[in-house]
Amino acid sequence: MNKLIKIFLLLLFVFTHMGFSESDRIGWIRGEFIRINSSIETFNKISNPDIYLSRDKVSPEFSFEAYDIYGLAMANLDRFYESKKLKKAVVSFDSEREDQTSEYYYFEDKVFFVFKVRTKYKKSKWSDNFNKNDKEVFENRYYFSDNKLIKWIDSNKSIVNLEKVDKKIEKQIISDSELYRKIK
């Protein structure tokens with residue numbers, strides 16, 4: 001990428017954190033999301049199949065997402081780097097009754113957007129009468145600015161009132177984003 005464009009994006013990011021409105025920040029996030037995904041094939045991809053994630057809260061490999069998934073069987077991690085900078089991490093969870101894919105987007109080593117898709121099946125995937133179409137799908141979009149949750153769009157495509165949201169959700173997403181960034 002052209003050095004001038006990188007400087008422009010950095011300045012845009014800085015200015016969006018210095019008194020700009022939420023809609024300006026959301027606009028920047030959407031623009032960077034599009035830029036990353038449209039350039040993803042040019043990035044260096046590092047895959048970590050079957051990563052170890054702990055359900056023990058005192059472990060350094062503890063993942064809130066892994067903790068919440070019933071009967072977790074496996075988790076895979078793909079990370080995408082642009083000029084040695086992490087831009088996107090995709091974590092795929094496979095379990096007995098549900099699957100989840102979480103996409104984490106980074107700028108200057110901080111998460112700025114998270115997109116989660118969770119599929120809950122009515123029956124165990126390993127049962128004889130499992131039907132892959134008998135499911136519910138939930139999508140959530142989380143927008144961050146300087147490690148603060150600034151917008152959340154839930155599965156109903158509704159904007160969640162953040163004043164009524166427990167702050168631990170924000171901390172859990174940030175914690176997981178840091179874990180996935182650091183896994184070797």
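Tutor: Two rings of Phe, Tyr or Trp, the last taken by its six-membered ring, count as a pair if their centres lie within 6.5 Å. The model is a predicted one, and it holds 12 aromatic pairs. For Y104 and Y180 the ring centres are 5.3 Å apart and the planes stand at 65 degrees; because planes over 60 degrees apart count as edge-to-face, this pair belongs to that class. The pair joins distant parts of the chain, with Y104 in strand 4 (residues 98–107) and Y180 in helix 4 (residues 167–182), 76 residues apart. Y104 has 0% relative accessibility and therefore counts as buried; Y180, also at 0%, counts as buried too.

One aromatic cluster is formed by W28, F33, Y105, F107, F112, F113 and Y143. Among its members, Y143 also has a charge over its ring: the charged end of K151 sits there, 5.9 Å from the centre. Another such contact involves Y67, whose ring has the charged end of K57 over it, 4.8 Å from the centre.

W28 of the cluster is also one of the buried residues of helix 2, together with I26, I29, E32, R35, I36 and S39.

Methods. Residues are numbered from 1 along each chain as its sequence is written. This is a predicted model: local features need pLDDT of at least 70, side-chain atom pairs count only at pLDDT 80 or more; totals for chains, interfaces and linings use all residues. Side-chain values use heavy atoms; hydrogens and water are left out. Rings of Phe, Tyr and Trp (its six-membered ring) pair if their centres lie within 6.5 Å; planes under 30 degrees apart count as stacked, over 60 as edge-to-face and the rest as tilted. Helices (H or I, at least four residues) and strands (E, at least two) are DSSP runs, numbered from the N terminus. Buried means under 20% relative accessible area, exposed over 50%, partly exposed in between (1.4 Å probe, protein chains only). A charge sits over a ring if NZ of Lys or CZ of Arg is within 6 Å of the ring centre and within 35 degrees of the ring normal.
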